[in-house]
Amino acid sequence: MTVIKPGRAPESALLPPATGAPVPRPKKRRGSRSRRGVSGWVVLVVMAVCALLMLFPFWLALINAFKPAEEYLQTGPTSLPTTLDFSALVAFWQSVDFNQKLVNSVVISGSVALIAAAISLVSAFAIGIGRVKGRVWILAIFMLAFTIPQEALVYPLFILTRELGLYDTQLGVIIILSVLQSAFGTYMLASILGAFPPEVLEAARIDGASRFQILTRIVFPLTRPTLAVLITFFFIWTWNDFFLPLVLLPSADNQTVSVALGALSGQYTSDPTSLAAASLAGILPALIFFLLFQRTLMRGVNLGAVK
Amino acid sequence: MTSAATAPPRRRSRLEPAGGYWAYLIPGAIGFAAVVLIPFGMNIYLSLTQYRGVGTPVFIGLDNYARLAADPTFWASFVNSIVFIFAMAIIPTALGVFVAAVLFDFIAPRFGTRVSSIMRAMFYLPQILPIAVAGVLWKWIYQPEYGVGNSILDSIGLGALRQNWLGDSDTAIWAVVNVLIWLQIGYTVVLFMAGLSRVDPALYEAAELDGAGWMTRFRMITLNQLRPEIAVVIITTSVAALKVFAPIFVLTKGGPGTSTMVPSYFSFSSFFTTSQVGYGAAVATVLALVITVIAVGLLLFQTRNTEGFEK
């Protein structure tokens, strides 16, 4: 997976546009009951069935994670469990030391999010506020990080991290992912800072503020909401990242949740419910973030849509 | 998003010397050089060598590329990439624009925005999963003996249709395609609905007053107005499809045979499974080139086609 996770929608876009979004559609405009009609209900039912089909795999993981293996073999995957059996979940949790994986993922994702946001802000400050010469080219070079597949970087990174003693350390992965994600952050923040009100900067300069003071006292506080959104995205992207952590963090003690689950494939083929339990363990943190971060992401609606 | 370069020009303050901001580029530049530019350069060099992962790489010129051109696995991997572009870019875009239009312009006005928001969230949910987790979940669904897919076929009396979904080279790629479509639809639905919310409702109202039916409005207004979003989605998802790795790693490891092989997995397995580092580097270099050409090409195509449209 890449820096930008091109295939993934910004979570923010999911949320209803914040108040004052461009031309909010009058909600009750055509909402009269008379317009629903038979065809309206038919379409609603068809859409609801499609939406439920999207959720069906989640539902399967949920009901089967707690189903005793014997019951699964007798009644199949679609029946509700008659007893709640936590043994598959507990067995998975202990066998992969899932607590450790959660801690690793939190440490790596948290560090990457903060460091990448800091690098993005400083670089974007030079490009957007400083308007350094050749900034278009600088941004174009940063764009390379969007298109170059990580496969074209991974073996040299493997060699370099081994040379530097960073192979199989969380620090190595943190540095690499921070840089890759900051390319996106720089691109995004530079355009926002490019539209920074010039009067504010002018006033600060007249008052004798140095460049560093402008960055820390003016630009940073005013871009904090945007930074919060970036940090949230970076956190989620790093959490979900698979390829580089897979290669650069081979030992079980350093692995992230994503890699630990990915490495499961091939194992556990004899026990019919353990993969459901493992899936559920992987689904839960993602679901929790989604609910936790909604409020922050709400502010990022403008960042979200078309880039 | 407007890029920094297109922002209105700002008069540089007389109080402020030009330059001097360069220092702030240093951290980003060092990082970028160390993590992207130098490794990419090294990768190109490695692609010109024979290297087994130990000892010293031996320079062999373009031999790896010549070998690639004659390697059926390499060609198979790019053919599969085309299938995955359909699975991750074309089909989700087509379905997504339709679902978004139905939710936005049919469900929401009749049943309220709450209903349409809930449905949008349901379509989106697969997107929040780490792809590795989605892979494990589907691997279990596809499992041949006790897997959900075959169990359900049995229970509705269609046991004759049981398949070893991921283990049969005829069905494996379609099983993977199914997972990718499931993963991607939410992305397109959400982006297109965000796009529709910026379309002036007066357009729809005027069309409705003129007696245009839903399908006419969809064709004439929705598709036209969403052109910028459709272009962005096609570009980003096509690039993602060419890079697809985690679902393949978790579900099939490129097999059976080469039926689900993709360039990224081919290069990964050359690096770390068969220890043909130079060969893997050549595959990765070609992939980087193909992606860049396609991304730039689509970008140019899009700017030419939407010119005079967005502004």
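Helices (H or I, at least four residues) and strands (E, at least two) are DSSP runs, numbered from the N terminus. On that basis, chain A of this predicted model holds 13 helices and zero strands.

Residues are numbered from 1 along each chain as its sequence is written, while chains are lettered from A and ligands numbered from 1 in the order in which they are written. Because the model is predicted, local features need pLDDT of at least 70 and side-chain atom pairs count only at pLDDT 80 or more, whereas totals for chains, interfaces and linings use all residues; side-chain values use heavy atoms, with hydrogens and water left out.

**Transmembrane annotations**

- In chain A, an unreviewed UniProt entry lists "transmembrane region" for residues 38-62, 106-129, 136-159, 171-197, 218-239 and 274-293; UniProt positions follow the numbering used here, feature names are shortened, and annotations may be inferred rather than shown by experiment.
- Residues 136-159 of chain A are 88% helix and 0% strand, with end C-alpha atoms 32 Å apart.
- Residues 274-293 of chain A are 100% helix and 0% strand, and their end C-alpha atoms are 29 Å apart.
- For chain B, the UniProt annotation (unreviewed entry) covers residues 21-42, 82-109, 121-141, 172-194, 230-251 and 277-301.
- The span 172-194 of chain B is 100% helix and 0% strand, its end C-alpha atoms lying 34 Å apart.
- The span 230-251 of chain B is 91% helix and 0% strand, and 29 Å separates its end C-alpha atoms.

- Of the 40 residues of α3(B), 28 are buried, so the helix is largely enclosed by the rest of the structure.
- B:Gly112, with a positive phi near 95 degrees, follows α3(B).
- Helix α4(B), residues 113-124, has twelve residues and reaches 16 Å from its first C-alpha to its last, close to the 16 Å expected at 1.5 Å a residue.
- The buried residues of α4(B) are B:Ser116, B:Met119, B:Arg120, B:Met122, B:Phe123 and B:Tyr124.

**Second largest pocket**

- The second largest pocket holds about 520 Å³ of space.
- Its lining comprises 23 residues, of which the closest to the centre are A:Cys50, A:Leu53, A:Met54, B:Asn178 and B:Trp182; a pocket is an open set of points on a 1 Å grid where a 1.4 Å probe fits, with protein on both sides within 12 Å along at least five of seven lines, and lining residues have an atom within 4 Å of a point.
- Two or more lining residues come from each of α1 (37-65) of chain A and α3, α5 (131-142), α6 (148-155) and α7 (172-196) of chain B.
- The greatest contribution is from α1(A), with eight residues.

**Positive phi in chain A**

- Most residues other than glycine have a negative phi.
- A:Asp97 has a positive phi of about 55 degrees, lies in the loop between α3 (87-95) and α4 (98-129) of chain A, and is partly exposed at 40% relative accessibility.
- A:Asp168 has a positive phi near 60 degrees, lies in the loop between α6 (151-163) and α7 (170-194) of chain A, and is partly exposed at 21% relative accessible area.

Methods:
Buried < 20%, exposed > 50% of the residue type's maximum accessible area, 1.4 Å probe, protein only. Expected span 1.5 Å × (residues − 1). Points joined across faces, edges and corners; volume = space filled by probe spheres on them.
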